Amino acid sequence: MTSVHCYAQQQKNQNRARIIITDVPKTKTRDKNNQEKRKNPFDAKFSMKSLEEICKIGPRISGTKGMAKQQALLIKHFEKLGAKIKKQSFQERHPITGKMVTLTNLIVQFYPKKKKRILICTHYDTRPLPDSDPDPRKRTGVFLGANDGASGCALLMELGKHVKSLGGVYGIDFVFFDGEEFVYQRPRDPLFRGSTHFAKQYAKQRRIEAANPAKKTDEPIYVCGILLDMIGDKHLDLYWEKNSYNYAETLTRSIWNVARQLKIKEFVPKIRHEIRDDHLPLNEIARIPTTDIIDFDYPTIRKSNKYWHTTMDTPDKCSGESMAKVGWVLIEWLKIAQRQQEKK
Ligand SMILES: [Zn+2]
């Protein structure tokens, strides 16, 4: 992903784009009394172990053996959980060699028969080089992507255990986007290749269905999307991201409301950054209202984003507790989403 602006203070009179789709779970009604006694069911240790396991593979650059190993690890894990797995493969030109490379979005489905679905996604490729390292000699070194890559995967590996028993009206898809940053040189090399391909395919399918309303298909309708990126930082700071707020205000607020009810203070309901990330193709091409949960102050607000795209993005900068906080919010949010729709 890439940053556009940092908003030190939330600005008044922001340009609020209309919310495109209103069919988003809302979270106004809650029984507050039960919340305080609740224990976080998300296994922080397992998610940290998974993050370390993924990083042990080494870099997971699109089209490499490292990426193939990670795919195998994820497929094995989610098959064990009983999920249905689809590979969405496509060809892209390698930015350096010019040869065609196969990129693959991994789609992990829970309750695959349900037409209306919630999309939870992350990118799983790692940036080829730590090109923002403060030491210029290290910029051609190894980029491990513990937070920027592995954390989203590790969180979803644990979350899968919880969603498989949630029930409810919506199906749930975890989508692992390839080619988020198959980038050797900016601005030459495009970002978001996997999510753009996914969004285009989805938009095409929706057009086909709109033209033939009588014909039933198994293709999903996504009611909303949640993107996870850099959520493993030991010092977690999760602000509203500006594009997410503009495209999916209801959804964004509903997630931060759940965090408030759980007293998870790391979720701060204020806009801080404007970030271009995989949620843009989902909002703009697929028209799925999607929010980006991202900590773009890695390690801390005071120290700014100095580990981002550097050799310092390693597992010791991450924690299972941070992933567990995000995971708990998602579990509770999903429970409410599933339950509220049932009442309608
Ligand atoms: Zn990145």
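Let's start with what helix 5 packs against. Its buried residues pack against strand 2, strand 3, strand 4 (116–123), strand 5 and helix 8 (279–284). Buried means that 20 or more other C-beta atoms lie within 10 Å of a residue's own, with C-beta atoms placed from the backbone; 12 or fewer is exposed, and in between is partly exposed. Helices (H or I, at least four residues) and strands (E, at least two) are DSSP runs, numbered from the N terminus.

A word on the source. This is a predicted model, where local features need pLDDT of at least 70, side-chain atom pairs count only at pLDDT 80 or more, and totals for chains, interfaces and linings use all residues. Residues are numbered from 1 along each chain as its sequence is written.

Which residues of helix 5 are buried? They are Arg193, Gly194, Ser195, Thr196, His197, Phe198, Ala199 and Tyr202. Helix 5 covers residues 193–211. Its 19 residues should span 27 Å at 1.5 Å a residue, and its end C-alpha atoms are 27 Å apart, so the two agree. The expected span is 1.5 Å times one less than the number of residues.

Six strands form an open, mixed sheet, in the order 2-3-5-4-6-9. Strand 2 (84–93) and strand 9 (290–294) are the edges; each has a single partner strand, so one side of each lacks a neighbour in the sheet. On average, neighbouring strands are turned by 20 degrees against each other, direction ignored. Strands pair if DSSP finds at least two bridges between them. Strand 6 (residues 221–229) pairs with strand 9 in the parallel sense, over five bridges. There, Leu228 stands opposite Ile293.

What lies across strands 2, 3 and 5? Helix 3 (residues 65–80) does, running at about 15 degrees to strand 3. Axes are lines fitted to C-alpha atoms, for helices over the stretch in contact, and angles run from 0 to 180 degrees between N-to-C directions.

On to the core. The largest nonpolar core has 84 residues, and Cys153 and Val329 have the most contacts inside it. Helix 9 (residues 320–343) gives the most, with eleven residues. A nonpolar core is a set of buried Ala, Val, Leu, Ile, Met, Phe, Trp, Tyr and Cys residues joined through C-beta atoms within 7 Å.

Cys153 touches Ile54, Leu74, Thr122, Tyr124 and Phe176, leaving out residues up to four places away in sequence. Contact means C-beta atoms, placed from the backbone, within 7 Å. A second, separate core has five residues, including Phe182 and Leu280.

Conventions: Contact = placed C-beta atoms within 7 Å.
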